[in-house]
Amino acid sequence: MSTSRQAATRDERHAERRARADYTGGVYGSMLASSVIIGAGTLGDYPRLELVLLLLLTGLAFWIAHVHAQLFGARLAQRHPDRRIVLEVCRDEWPIVKAAVPPAAAVAVSPLVGLDVPGALWLALAVAVVGQVGWSVAAARRVHAPWGLVAVTASVNLLLGLLIIAFKLYLTH
């Protein structure tokens, strides 16, 4: 195969991957981050640092779990995973980790805006819910969904986020 044909084939694969980009991991990762924030009731001497690490490490742990499940669940039944498949699955599941970064960053910068630890938790929770809605809207727009469907997916994800916030309110009162 000629070099130009290999490049064209590679470009076609990249275009196909972009076209079928899956934002499920981002929505899932944002919901996971919200759950971590709710569950972080008792933190130690360095609560902000602990929450940042908890968010990021939980995202990484779930990313590894999803990669493993994809490689040795569905993919292994089809064919043996080679290096290319492993890297593809790692990349496809990476939004789970990416979704944990904004809430973790919100916690990290919370002292700069004068928030105490409970305020930092609420800020991180709000950022996670906004991320959840944002990922769902991005997914809908990526597939050129009609605006009505974009509104539905945003509304459903906002309601799910508000449900998570209601759990936090219920658990802390």
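Tutor: Let's start with contacts: two residues are in contact when heavy atoms of theirs lie within 4.5 Å. Keep in mind that this is a predicted model. Among contacts in the chain between residues at least 6 apart in sequence, 71% join residues at least 24 apart.

Student: Why is P95 called buried?

Tutor: Buried means under 20% relative accessible area. P95 has 10% relative accessibility, so P95 counts as buried. You'll find P95 in helix α5, residues 95-98.

Student: Which residues does P95 touch, leaving out those up to four places away in sequence?

Tutor: G25, G26 and W135. P95 also sits 7.0 Å from G29, C-alpha to C-alpha, although the two are 66 residues apart in sequence.

Student: How do you know that the span of α7 is close to the expected one?

Tutor: Take 1.5 Å times one less than the number of residues. Helix α7 (residues 117-142) has 26 residues, which means an expected 38 Å, and its first and last C-alpha atoms are 37 Å apart, close to that value.

Student: What makes D116 a cap for α7?

Tutor: A side-chain oxygen of D116 lies 2.9 Å from the backbone nitrogen of G119, at the N-terminal end of α7. The cut-off for a polar contact is 3.5 Å, so this pair falls within it. Just after α7, H144 takes a positive phi of about 60°.

Student: Why is L163 called partly exposed?

Tutor: Buried is under 20% and exposed is over 50%, with partly exposed in between. L163 has a relative accessible area of 42%, so partly exposed is the label. L163 is in helix α8, residues 147-172.

Student: And what does L163 form a nonpolar patch with?

Tutor: With L149, V152, V156, L160, F167, Y170 and L171; together they have about 800 Å² of accessible area on the surface.

Notes
Residues are numbered from 1 along each chain as its sequence is written. This is a predicted model: local features need pLDDT of at least 70, side-chain atom pairs count only at pLDDT 80 or more; totals for chains, interfaces and linings use all residues. Side-chain values use heavy atoms; hydrogens and water are left out. Helices (H or I, at least four residues) and strands (E, at least two) are DSSP runs, numbered from the N terminus. Buried means under 20% relative accessible area, exposed over 50%, partly exposed in between (1.4 Å probe, protein chains only). A polar contact is a pair of N or O atoms within 3.5 Å; within protein, one must be able to donate a hydrogen and the other to accept it, and residues adjacent in sequence count only if both atoms are side-chain atoms. Patches are made of residues with over 30% relative accessible area and no salt bridge: like charges are joined within 9 Å, nonpolar side chains (Val, Leu, Ile, Met, Phe, Trp, Tyr) within 5 Å. Accessible areas come from the Shrake-Rupley method with a 1.4 Å probe; for residues, only the protein chains shown count as cover. A salt bridge is a side-chain nitrogen of Lys or Arg within 4 Å of a carboxyl oxygen of Asp or Glu.
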